[in-house]
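Dear colleague,

Please find the structure below, together with its sequence.

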Amino acid sequence: MSLEADLKPSKTWVPLGIAYLAKSLCTSGFDVEFKDLHDYEWNEVEKLISDISPDLIGISCFTFGRIESLKAAALAKRVNPNITVVMGGPHASFFPEQILMNESVDIVVLGEGEVTIVELAGCLAEKENLDQIKGIAYKKNGRIYRNLPRPRVKTLDEFKFPAYDAFDINQYKSPEIPPQYSDLPGTHVITSRGCPFQCKFCSVNHFFNGKWAFRSPKNVVDEVEMLIHTLGVRHIYFSDDLFTLNHDRTIAICREILDRKLDFVWMAETRVDCVNEDMLYWMRKAGCYRLYYGVESGSPKILKLINKGFTVKQVQTAFKITHNAGIEPCCFLMVGNPGETPGTIFETVNLIFKIRPTALPIIGITTILPGTDQYELSKKQGIITDDYWLSDDPPPLYTGEYSVDDLIYLQMLLIKGICPELYAYLCEMGFDENYFHMRKINRLDHNISHA
């Protein structure tokens, strides 16, 4: 039995999705080989599959990496046509029929896979019919079948800790870690899954059926303690989509860390409307030094249009109390959502100067991703169809209101407003200064005299 990770160009975090599935299979008595193939060459992947000679191979399929995932599937079938190829992950879950149209893929696991993969492996080993396994789609006699969905797991405590033992954590370095902590042995830990909020650009709510499932404080800190004592971990990124949704749970995790006198530093991601002073006090006391907030925009209009569910005032309050607690507040920003103009960009610039994030904001351009309201809008506008994903092209930027060039211009306008030094550096690295000339403003039709 073999379970392989998705293929990506660099190592940042231990692939916990694969590690969770591998642990479930190992615990159930299956012979499992699991590898992170981020830095493998294709000939190395082929040799690995040939050497292991698995009965089943599992491949993660994300929207950005879907072409590499399908290439891995084709390679596996070329090595041995009798290998059963299973795909899982967000993209495969959103488009199971499309993925199964590929002759190299036999089965798609829909949504969370820990329980499903064990049942599936047992069924295949016993050569039983697949029609009773919830949460899969599969091919049989030239037809595609989609079984009943598997209910969400209510508490994540029932899952064993991920199988970290196959990975050298010292090989994984995330760019989000500040230089002063980058030499510390570290990993990320997931304490909850899902998000109940419905931001229009995000697919998390759809993938997890709008539910937020979580681990108990004791279970979370048990894993942290294991990582510290067995792997020497001293830095952890709690990479939940929404770490602090339940304030009492967050404080309980912090108290548990303090009661056990665990020596490590950590950071997390959350929303500005999911923090308060008391919780931040306990987080700092327990070793939290940085929080990433999904701010996205400083424009009230944009926040409303993307359904963020909070206000600019709440952003300011959250950053103020985070600074006061001694925790570094950082933020993610987006450019190019519906309704964006140079004016809304400058509202974002003004907000950044007020909230003073510790590090330069991470600025992305709105990308059309499956499972989002933005994707459905883009289909209605004729920007994209489901057949787009049959191509080798990366996920497209949202061009419902601007061209790609104009979107890049808006992104650079934001960078120039927030950090002129970075803007100048980017221009030195090859961007044409004339490309960002103010003549663009006339076509974008907005007054920027206050800039």
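**Strand pairing and a surface patch**

In this predicted model, F238 stands opposite A268, a residue of strand β12. The two strands concerned, β11 (residues 235-238) and β12, run parallel and are joined by four bridges. Together with helix α9 (residues 247-259), β11 and β12 make a β-α-β unit that is right-handed.

Strand β12 also pairs with strand β13 (residues 288-296): five bridges join them, and they too run parallel. Within this pairing, E269 stands opposite Y292 of β13.

How many of the six residues of strand β12 are buried? In β12, which spans residues 265-270, the number is five, so the strand is largely enclosed by the rest of the structure. Buried here stands for a relative accessible area under 20%.

A separate point concerns the surface. M101, I144 and L390 make a nonpolar patch there of about 290 Å². One of these residues, M101, lies in the loop that connects α5 (96-100) with β5 (107-109). Is M101 buried or exposed? With a relative accessible area of 59%, M101 counts as exposed, because the cut-off for that term is over 50%.

With kind regards

Definitions and conventions:
Residues numbered from 1 in each chain as written. Predicted model: local features only at pLDDT ≥ 70, side-chain atom pairs only at ≥ 80, totals over all residues. Heavy atoms only, no water. Patch = residues over 30% accessible without salt bridge, like charges linked within 9 Å, V, L, I, M, F, W, Y side chains within 5 Å. Areas by Shrake-Rupley, 256 points an atom, 1.4 Å probe, with all protein chains shown as cover. Salt bridge = Lys/Arg side-chain N within 4 Å of Asp/Glu carboxyl O. Buried < 20%, exposed > 50% of the residue type's maximum accessible area, 1.4 Å probe, protein only. Pairing = 2+ DSSP bridges. Right-handed = clockwise from strand over helix to strand, strands pointing away.
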